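Please keep the sequence and the structure in view while reading.

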Amino acid sequence: MIERDPQRFFNTTQRQILYGLASGLCQGCGNALDVGWHADHRIPWVNGGPTTLENGQALCSVCNLTKGRDMAYVDAFQPRPFQSDVTTQVMDGIRSGRDRTIVLASPGSGKTLAYLALATRLFREGLIDHIAVFVPRVALAQQCEIGWMHGKPSEPPSGMCLLFDSTRRFGKIRHRIKEVPLTSDHERGSGFVSTYSALAINERIFTEWAAKHEGRFLLIADEAQFCGDSKDNEGGGGTKAGALIEKLHGFALHTLLLTGTPYRADNQPLILAEYNDPLPSDRRGLRTLVHHAEASYADGIAEGYLRTFEMQLTNCQVTQKTLGDPADRMRGESTLTYNLSDNGDGLSEVLKDPQTWEPLADRVVAKVRDKQKFNSSYRGLISCMGQNEAKALQKYLQSRYPGLRVGIAVSSDTEAPQALADFRAKPMDILVTVRMAFIGYDCPEITVVGILTHYRDGGHLMQLVGRGLRVWKNMPAREQSCVIVAPDDPKMKEFLALLRGEQEQGLRRIDERETTGELGTGTDDQMVLSYVESAVATTTRAASNDTDVESDELTLIESIKVAVDSAEDATKLVKFLDMYGIRTKQPAEVLNPPTEPEREVYVQVPTAQVPKTDKEMIEDYKSRTKSAITSYLAANGITPSTPGYQETITKTTARVNDACGYNTTTANTVERAEKRFRAALALT
């Protein structure tokens, strides 16, 4: 076994001496050393080379990169073409002096692993010491930390880090809000992940860290469409987080921007991005994003990591009433009846009518049950317009289908992040949500997506259905598909055309606070008002890249599926029948499928342990420490009713702190928090 020098990296003094000995010139090519020059081991440290001046040399990043390429690592990671392209583009950018790389990628393309593999490559070649990742939501920050590496310090790590040779790979990437330090000076090859909101609130902490580590970190702006261009432009715009990302970019070795859309939801440009003139065919006149790597839905289908889809579209008969004008006797009250498939006006009101959303919810349940015939772990996701609608839907599902395991995650609920984590790790059937299980939420068991929201921006819909498009490794990819249950409105048809054409063009995210329009003007005059009186779901049709199935034929197909206990998607069955010339165009005798039977109550089964971030483990240990202290006192007859109880708690807590050397504030790492907990257990 090779014995390695305990000192892995050259310290500041050694670096200064090496720079002087080299007269400020690269000892490989002779060019002047820039800010990001590398103190390199002549005999590699991993091969037993000492971290001494005699074994050191000053190299520019290009020479060290070339040298590092010759070092062999045994990785299990097999990059997708897109992920490999990201690394290639960044490396080429660093060599050529380009300081940023823009990536346009659809949901499910593997962006997280792409930038973690890139960071590992840069770290191995001595180009960076840390990685700084920014995401739009706390749940994504937690997912980044847990997804890369999690587990107690005393246990072997778990996560995507295991795909890379442990000889030299990134260590912990911790979720940070305002903790100081963001990374430890003694832990190179580590990083942090935070949110754009935390960056805007705690600007000084992040900018001071960036200045301290200038030229030695990779900056990641994930879902960069959440950051507007901070420069003044014709449409205004820009965000504080966007301005700060630009500021941090000035300190980074390189910046990687990852986005699912070339513009923000307000059509303003992304930070640090360049645009070409609009294409002649673009009626909106939007300029095209200059990007260096791309992963489209079509790429995912071709490479087998995204599922094909079937969309089941339900039409509605809408009755709209218009009130009369008191000032005009000739204009009385009127009623207009129309099909939703012809007119999508008032969609938000249509989706609030139980006669519309209940049949759609029933169809989601039926499709989930179909999928669970293939694998009991398959599940569904239903996105609602607002919190009231989500809670009403959850109540309806639990009442109509006893035993159906329904979770809910809405932004007003402080337990939403835990609900999202539980849905991934525990046996569940359906998750009801309002824009929570959305961007970056990774649960490949989701294979049915119900759309009960009126948002119709292409980028928003692609992110939503993307939750059900990711291939699940526990089932053969060719046997997987996603069923999308949605209203049959004109804009949904446009989205269907987008999916069917497998095109990735200018997807934009809709603003969460988008309004649906106002009924009145606020003046004293009596206005003529129109409102949706009722909206009743009528017929449902199915469409996929295979074929179209109209409502009568779909009804018959669904009846046949029940009769033969089939779980295949309707369009796949029709394609099979087409092959043998027996397509079911005849009128269906059974116009309505059998009434859904009440679902059996599930037997409780052991559930998987939900991984926790370092922050969550620390808080858990603190809570358990407090409980251990109170339990110790209770065992000795000291309860809250005992005189001087609080003073006793304080003194006992001080005993625990003295025994371990940390208090509740300084026990700010998992190791320290665990040590403090064990000290509480050792009270005698």
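In which sense, parallel or antiparallel, do strands S4 and S6 pair, and over how many bridges? S4 and S6 pair in the parallel sense, over six bridges. The model discussed here is a predicted one. The protein has 684 residues, of which 51% count as buried, and contains 20 helices and 20 strands. Among contacts between residues at least 6 apart in sequence, 73% join residues at least 24 apart.

**The seven-stranded sheet**

- Seven strands form an open sheet with parallel pairing, in the order S5-S6-S4-S7-S8-S3-S11.
- Strand S5 (173-175) and strand S11 (293-295) stand at the edges; each has a single partner strand, so one side of each is left without a neighbour in the sheet.
- From one strand to the next, the twist averages 15°.
- Strand S7 (residues 217-222) runs parallel to strand S8 (residues 254-259), and five bridges join them.
- Within this pair, leucine 219 stands opposite threonine 255 in S8.

**Strand S4**

- S4 is largely enclosed by the rest of the structure, because six of its six residues are buried.
- His130, Ala132 and Phe134 point one way from S4, whereas Ile131, Val133 and Val135 point the other way.
- S4 is joined to S7 by five bridges, and these two strands run parallel.
- Histidine 130 has a facing residue in each of two strands: serine 190 in S6 and phenylalanine 217 in S7.

**Helix H4**

- H4 has 14 residues and reaches 20 Å from its first C-alpha to its last, close to the 20 Å expected at 1.5 Å a residue.
- The helix lies across strand S3 (100-105), strand S4 (130-135), S5, S7 and S8, and runs at about 170° to S7.
- H4 is mostly covered, with twelve of its 14 residues buried.
- The buried residues of H4 include Lys111, Thr120 and Arg124, as well as Leu113, Tyr115 and Phe123.
- Just after H4, glycine 126 takes a positive phi of about 75°.

**Nonpolar cores**

- The largest nonpolar core has 73 residues, and those with the most contacts inside it are Tyr115, Ile131, Leu256, Met311, Ile451 and Phe495.
- Helix H4 (residues 111-124) supplies the largest share of this core, namely nine residues.
- Another core, of 34 residues, lies apart from the largest one; Val318, Ala361, Val432 and Val434 are among its members.
- Leaving aside residues up to four places away in sequence, tyrosine 115 touches Ile131, Val133, Cys144, Leu218, Ile220, Asp222, Leu256 and Leu258.
- In soluble globular proteins, nonpolar side chains tend to be buried together.

**Cysteines**

- The count of disulfides comes to zero.
- Cysteine 316 is buried, with a relative accessible area of 1%, and cysteine 443 is likewise buried, with a relative accessible area of 1%.
- In general terms, a disulfide is a covalent bond between the sulfur atoms of two cysteines.

**Backbone features in loops**

- Most residues other than glycine have a negative phi, and most peptide bonds are trans.
- The peptide bond from valine 180 to proline 181 is cis, with omega near 0°.
- Proline 181 lies in the loop between S5 and strand S6 (190-195).
- Glutamate 223 has a positive phi, near 50°, and is found in the loop between S7 and helix H8 (240-249).
- Is glutamate 223 buried or exposed? Glutamate 223 is buried, because its relative accessible area is 3% and the cut-off for a buried residue is under 20%.
- Leucine 272 also has a positive phi, of about 60°, although it is not a glycine.
- The loop between S8 and strand S9 (275-276) holds leucine 272, which counts as buried at 9% relative accessibility.

Definitions and conventions
Residues are numbered from 1 along each chain as its sequence is written. This is a predicted model: local features need pLDDT of at least 70, side-chain atom pairs count only at pLDDT 80 or more; totals for chains, interfaces and linings use all residues. Side-chain values use heavy atoms; hydrogens and water are left out. A nonpolar core is a set of buried Ala, Val, Leu, Ile, Met, Phe, Trp, Tyr and Cys residues joined through side-chain atoms within 4.5 Å. Buried means under 20% relative accessible area, exposed over 50%, partly exposed in between (1.4 Å probe, protein chains only). Helices (H or I, at least four residues) and strands (E, at least two) are DSSP runs, numbered from the N terminus. Contact means heavy atoms within 4.5 Å. A disulfide is a pair of cysteine sulfur atoms within 2.5 Å. Two strands pair if DSSP finds at least two bridges between them. Axes are lines fitted to C-alpha atoms, for helices over the stretch in contact, and angles run from 0 to 180 degrees between N-to-C directions. The expected span of a helix is 1.5 Å times one less than its number of residues.
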